[in-house]
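Open the model in your viewer and keep the sequence panel beside it. Each stop below says what to select and what is there.

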Amino acid sequence: MVQELLKDREFSIRPHIFFILLICGLLSGPIPTHAQTEPQNALAGKNVLILHTLESITPLSLETNRGLSDTLRMGGIPVANLFFESMDLRRNPGPELRKLLAEQMRLKWSHRKADMVITVYPEALEFVLNDCRDLFPHVPIIALHLPQDFMMAETDRRIIGHFPTYDIAGTIDNALKLVPGTKRVYVVSGAHKIDKWLEDQARRASKKWERVEFLYLSHMPLEDILTTVSKAPPGSVILYLALTQDVAGKSHTGLGLAHQLSQVSTVPVFGMFESALGYGVIGGTLVSWNLIGKRAGELVIDILKGVKTFDDVPAVLDVPSVPMFDWRQLRRWNLSESALPKGSVVINKEPTFWDFRYYIIGGLAFILAQFLLITSLLLQRRRTRSAEESLSEKTQELDQFFTVTSDLLCIANTDGYFLRLNPAWERALGYSREELMAKQFFEFVHPDDLVRTEDAVSTLASQGKVMYFENRYRAKDGTYRWLEWTAAPVGKLIYAGARDLTERLKTESEARQRREELAHMTRIATMGELTTSLAHEINQPLTAILSNAEAAQRFLSGNAPDISEVRQILEDIVRDDRRASDVVRKVRALVKKEKPHEEILDLNETIQEVISLIRGESLLRGLSITMELSQGLKRIRGERVQLQQVILNLILNGAAAMRNSPSGQRKIILRTAMPDGRTVKAFVTDFGTGIDEKNIERLFEPFYTTKPEGLGMGLSISQTIIKAHGGTMEASNNPEGGATFALTLPAHQGDAS
């Protein structure tokens, strides 16, 4: 069996040595061969039909066909008498294809006789027995690759079945001996019924090793399986069973998947099928499709020659699994050949001259070796020169890009020194590259950013992952430039690129300042609209103060003044004075120009302060303001004046929208609510003309207004303020008329104090 397996394997030999040995072998005499078979004439007229369920390009089909073809041809059956058919029944299980295939079979075999039919997988066997029962009624059948639980239909046909055995326990045992100390086994399989059957076999076999953890990945799509395998910790191995179809319904080929697993895996990969050898799988106790084809071919030869009859042949063709391993993978993972089971087949092992001692002869081989070696060196020199020229061109292109790009590019080491810089550094910071490379780059970093930069370099050195961060670098004129970094480690070096954000941040700061000035101007304009109301609010307590003072004078001018009455009058004067002072304080806060200052606020109190400013009769004559403020409202973090500006603007807009409405409808409702623990909402509802549905999308655009005297900036500024607070602002029409503006703000989750 080992000789048969080795006969078809390829070995990794340097090209010129291979040619030397080949020529030497031809010149040294005949090479020993296997015993010649009987004359082919006895089987020259025999026809063999091989029916495959799957398409012809699957590894199973290719390897089985190769084993069958080689054996049948060596046994004396001409290639022209071997008929291979791939029916693709698994992907096309419908009756239409079967009917078409049966008709094709009748056309092909109506004028010739089949002496043996070989089927691969149960679908092909059922096709012969059911769809072609009148076409090959007495032809013996060898049915390969039948599932273990397949029930053979009762028939008088001569059928020899083959039920492949999967020695999963043997492969696990091989893996644990080759990789001592294994703590976990990742089992890769799919969602197809064949894949699930193999997984069930693995689960039963794994019970033998109670101290080893088995992790089954069949519930994952292929992308997640590859990610999981790539993160397998030391002390693990991968057992690749079969993945015909993953849980996402995608079909996959075994060889491609074996290669993918070996490429991403950080631990050794073992398998179940010989075809995966050479694609990154170390090996195991493997099912050899090629060997199955050879065994079936030998049985066909024996039966057609009459060496054996069906009565002499067992009803089941038994082909055991074989311990096979890839020498290159053993060397890759530093695994010892001494741990391999006895009788193992090791492929791809680099041969020695001693292995080819019968082919090495004298002077002719030496002369030929010199010729081939010189030729190989000349070719190698030519390839090397071409590679050097290509590398030189790529280096020049890279240098050109390194020089002309406006981004700051560098190569540094983990000790904190620049090793290479592009000219953009000189333009950005004013230092020469020599000055920058003479010191640790930490010395140029702003003190407030130094810890963050040191942490980033430490992470690059220890974790080996790409980092993104920002910091400030000192320029030669003493100013600092904001840099946005992307850095990646390569060994002990750091490759990094930075983009100068200084001008962009400056522009953003200027834009923010303009927005604040515009908001301040809008507040001033709003307070102008409230002049009459504010005058009333201040005049009322001043009038009360004057009246109380005059009354106090009268009491004190009497012969026996009532001191308790005078005391009451003075208390009224103090109260009215505080009321007037409170109005002035609130107005001053709204019109004062200062940097925004965030604090922890009660949204209900903020709204109540706005209402206290605009309750003047002249402004709100005939207008009803109702507050429905939710109790237990979470506090928010924000700038009091800006939020009051938004509330005030919405109230004034609502009042303007109801200017021509009947007095009974001129009302505004302010509500607050907390829909969840994370947000707080405020609603301003009016019953005016509402919003034109055609222009509702433009409502918050700058300079869009529906009022002849309006500038169109109020709502735009209000929305900007709410967004700056991390919230949103929406507008909608009410079913009963008018409109509602809703503010949503994040609730403060910390300590209110």
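The model is predicted, so local features need pLDDT of at least 70, side-chain atom pairs count only at pLDDT 80 or more, and totals for chains, interfaces and linings use all residues. Residues are numbered from 1 along each chain as its sequence is written, and side-chain values use heavy atoms, with hydrogens and water left out.

**Stop 1: the sheet.** Helices (DSSP runs of H or I, at least four residues) and strands (runs of E, at least two) are numbered from the N terminus. Select the five strands of the open antiparallel sheet, in the order E14-E13-E17-E16-E15. Two strands pair if DSSP finds at least two bridges between them. At the edges are E14 (418-421) and E15 (467-474), each pairing on one side only.

Stop 2: Select 480-490 (E16) and 493-500 (E17), which pair in the antiparallel sense over eight bridges. Ala487 has Ala496 in E17 as its bridge partner.

**Stop 3: the helix across.** Select 450-463, helix H15, which lies across E15, E16 and E17. H15 runs at about 140° to E15; axes are lines fitted to C-alpha atoms, for helices over the stretch in contact, with angles from 0 to 180 degrees between N-to-C directions.

**Stop 4: Thr71.** Select Thr71 in helix H3 (residues 59-75). Is Thr71 buried or exposed? Thr71 counts as buried because its relative accessibility is 14%, and buried means under 20% relative accessible area (1.4 Å probe, protein chains only). Leaving aside neighbours within four places in sequence, Thr71 is in contact (heavy atoms within 4.5 Å) with Lys294, Gly297, Glu298 and Ile301. Finally, find the backbone oxygen of Gly67, which the Thr71 side chain reaches at 2.8 Å.

Technical notes:
Buried means under 20% relative accessible area, exposed over 50%, partly exposed in between (1.4 Å probe, protein chains only). A polar contact is a pair of N or O atoms within 3.5 Å; within protein, one must be able to donate a hydrogen and the other to accept it, and residues adjacent in sequence count only if both atoms are side-chain atoms.
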